[in-house]
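Here are a few notes on the model, jotted down while going through it. Have it open beside you as you read.

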Protein chains: 2
Amino acid sequence: MTPVAVPETSHSGEQDLNLTAAAVEHRLAENDAPNGASNNAANGVAQRNVKELDASKLTYTFTKEPRNVPPPGVHSIDDATVSTDHMITVKWTAKSGWSAPELRPYGPLSLMPTASVLHYATECFEGLKAYRGFDGKLRLFRPDCNARRMVMSSVRISLPSFPAEELEKLMIALMSVDGPKWLPRDRPGSFLYLRPTMIGTQSQLGVQAPSEALLYIIVTFMPIMDSPPGGMKLHTSPNDMVRAWVGGFGYAKVGANYGPSLLATVEARARGFSQILWLYGPDGECTEAGASNFFMVWKTKEGKTQLVTAPLDDRLILDGVTRRSVLQLLRERLAGEVDVVERKYTIKEVMEADSEGRVVEAFAAGTAFFICPVSLIHHRGRDIQIPMGKSGDGGSITLQVKTWIGDIMYGRAQHEWGVVVPEEQ
Amino acid sequence: MTPVAVPETSHSGEQDLNLTAAAVEHRLAENDAPNGASNNAANGVAQRNVKELDASKLTYTFTKEPRNVPPPGVHSIDDATVSTDHMITVKWTAKSGWSAPELRPYGPLSLMPTASVLHYATECFEGLKAYRGFDGKLRLFRPDCNARRMVMSSVRISLPSFPAEELEKLMIALMSVDGPKWLPRDRPGSFLYLRPTMIGTQSQLGVQAPSEALLYIIVTFMPIMDSPPGGMKLHTSPNDMVRAWVGGFGYAKVGANYGPSLLATVEARARGFSQILWLYGPDGECTEAGASNFFMVWKTKEGKTQLVTAPLDDRLILDGVTRRSVLQLLRERLAGEVDVVERKYTIKEVMEADSEGRVVEAFAAGTAFFICPVSLIHHRGRDIQIPMGKSGDGGSITLQVKTWIGDIMYGRAQHEWGVVVPEEQ
């Protein structure tokens, strides 16, 4: 890609139509420019002499107060997530670009009360797990996908761009340090959760793209959420609550997609449901389940087994790494048996399939919930029961794809998606 | 209002339609319940023995390192907003409710990297100014309106509720301390900017309503933005960018409304415009100008002078305090001369009025930009020029209402909207 010049005083109607897309493309293109020209979030003009994010400059300051690894099953203490001993932080300013990344003791951040992130939600994050394999090795699952999505999210929320592979290197470096202790070899089949985060730190109340930011990576414990007793129960979103919309930012992993949805989720939980099934538009297109992608398996009217999930093209939903992996494996391994379709489909279609006895199974897929069978959808006073398979813990396709991906994560199957983290012996 | 019980396992279709509205009403109703029952954000169940926000418990810790007041016109140093010597902070937890408010030296906040606000945009704020009057008095302008809106925003983003009047008392208490020094009597006609802010502080990565929060109030300097040379120039929003949507949260002052809009604003500024005129829906309804409300004055086809602005009823736009004041004063004082209408109107109507020579004037209104004349709207390659009055600095209705409101703010006219802050002599 060639860096795209921004027309400063364009008055053509065509360019007005795609102001956002133009801005995103322009910012991403800067990544290919020399001299770290990707760093100017504030005015969209490429700058010289600003430093690019460079994982090779990582400095190490080890903790002098190492903490104990919690016993298996403990992931938070006093309502606070348990983190590992270290984190990586990297400062960015529009003037100077990226500082050298620092691996340092995990601890609080100091932010001025005027910091951009606290007022304007200039923040984005990623979530991925590190897995202790049954072969003893430590792996990340497709970290390149998360790193690339983080760049896209960051640009969408007016935070700086950076080369995705540098973030991937930093994640691996952090796991190399904290993995051996916090994900010990005697706990095969367990995982930690990495949370790369970027926040706007400029201490300036003006509504503007921040000229200072902080990228940080932390590693935490998280409960196993992929097998709730009886399956995940979904409540469709109310008419007065839309998660994301065409022309919005539903496809980006920015804080602004999460906080506003909590209210409906809290209310749904008080009514006994696990998550919201987010509908979109007057026809009630099924989009996401909570913060996970959602998949229906049904028989078509012609009797074929079909897996459907919402498409990416209108940028309403997250381009999930688990989603992508599910689709790819099913297409590769169950071709002919299951028809895999990304298209818009509505809650009416789901209800119709239910009435006609064509619903086969359903699941949510994402990093936090992995692949989680769905047993019920509640919509406008009606319960749609979804088969949970012979075992009662998920339909056969759900469990099949869960096994396949789990095997890659935990080293029971060798696959390029499982990236081994080097560790001291 | 009577506290509304949340039906825990309601399966009626009707209630499913309004899950969010039900949740908001339920939370707001709790404010009227005894024993500070408004405090449980996490599960929507009223609790006993949690403490309500109580301004009378304010403690005072004065700074030992007082800073200098910047010279007139200086509002930031090294890209950082200048704040006054003190701030007020109040901690909240779901278990205990509100701690005693603390007035203390302005300084950094310490947040764990896992804090809710840094990931899920659990944040909201208010903005209002303190004015040093020409009569020597210090005033806030309708602080009750800001305090009530803050409660609504907080509940919408799953942060705690509180009695609005307690926040108003805290704002006045802070200005009583910092007003005499930072808004000195020898600078009549100047202002400071108060920023009450609420953030979710729980150190927990789960996507959930935070069980800990911090309310804080800071006082800062801000540039005068109501009179840009040549007027404010607006660029209509691109097709691929929607600020707010029906079923969203455009009416609440939450961070999630701001960060995502920065990208288009940056691009518009690079093209020489001041702000985005946010259009909504296929017909291009005019909603807001940047983060301000927007007003058109035109002649109707029948020859009447009409002021139009977007309505509040679909909750797309902010219920601005300046907006509300503009409408009320024009209805009171220019009845018969100007027809004041809150309704949906489209960019096509604006273009048609322009073609027919019916556009009279336009302005943006909000706390930051006060009442700011608009001279140009650029839409899809076309420039709509808007008259700026005989003086060239704004149309006559724009300047009239600006004078009226300014006179109340700066004590040239006595009015109940100007709330005097008590100061030591």
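**Aromatic pairs and other points**

1. Both B:Phe141 and B:Trp417 are buried, where buried means under 20% relative accessible area, exposed over 50% and partly exposed in between (1.4 Å probe, protein chains only). Bear in mind that this is a predicted model: local features need pLDDT of at least 70, side-chain atom pairs count only at pLDDT 80 or more, and totals for chains, interfaces and linings use all residues. For bookkeeping, residues are numbered from 1 along each chain as its sequence is written, chains are lettered from A and ligands numbered from 1 in the order in which they are written, and side-chain values use heavy atoms, with hydrogens and water left out.

2. B:Phe141 and B:Trp417 also form an edge-to-face aromatic pair, 5.9 Å centre to centre with 85° between the planes. Rings of Phe, Tyr and Trp (its six-membered ring) pair if their centres lie within 6.5 Å; planes under 30 degrees apart count as stacked, over 60 as edge-to-face and the rest as tilted. The pair links distant parts of the chain, 276 residues apart: B:Phe141 sits in strand β10 (residues 138–141) of chain B, and B:Trp417 in the loop between α9 (396–409) and β22 (418–420) of chain B. Helices (H or I, at least four residues) and strands (E, at least two) are DSSP runs, numbered from the N terminus.

3. B:Trp245 and B:Phe249 form another edge-to-face pair, at 4.9 Å centre to centre and 80° between the planes. B:Trp245 is buried, with a relative accessible area of 3%, and B:Phe249 counts as buried at 3%. Worth a look in the viewer: ring pairs link A:Trp245, A:Phe249, B:Trp245 and B:Phe249 into a cluster.

4. On to chain A, which has nine helices and 22 strands. Of its 425 residues, 61% count as buried. Contact means heavy atoms within 4.5 Å; among contacts in chain A between residues at least 6 apart in sequence, 71% join residues at least 24 apart.

5. How do α4(A) and α5(A) pack, and at what angle do they cross? The axes of α4 (residues 143–156) and α5 (residues 164–182) of chain A come within 8 Å and cross at roughly 125°. Axes are lines fitted to C-alpha atoms, for helices over the stretch in contact, and angles run from 0 to 180 degrees between N-to-C directions. α4(A) and α5(A) are therefore oblique to each other: angles under 35 degrees count as roughly parallel, over 145 as roughly antiparallel, 65 to 115 as roughly perpendicular and the rest as oblique. The residues making the contact include A:Ala147 and A:Met150 of α4(A), along with A:Leu167 and A:Met171 of α5(A).

6. A:Met232 lies in strand β13 (residues 232–236) of chain A and is buried, with a relative accessible area of 1%. Leaving aside neighbours within four places in sequence, A:Met232 is in contact with several residues, among them A:Ser274, A:Phe369 and A:Leu376. The C-alpha atoms of A:Met232 and A:Ala362, 130 residues apart along the chain, are separated by 9.6 Å.

7. One backbone item to check: A:Asp78 has a positive phi of about 55° although it is not a glycine. Most residues other than glycine have a negative phi. A:Asp78 lies in the loop between β2 (76–77) and β3 (80–81) of chain A and is exposed, with a relative accessible area of 71%. B:Asp78 has a positive phi of about 55° too, and counts as exposed at 70% relative accessibility.
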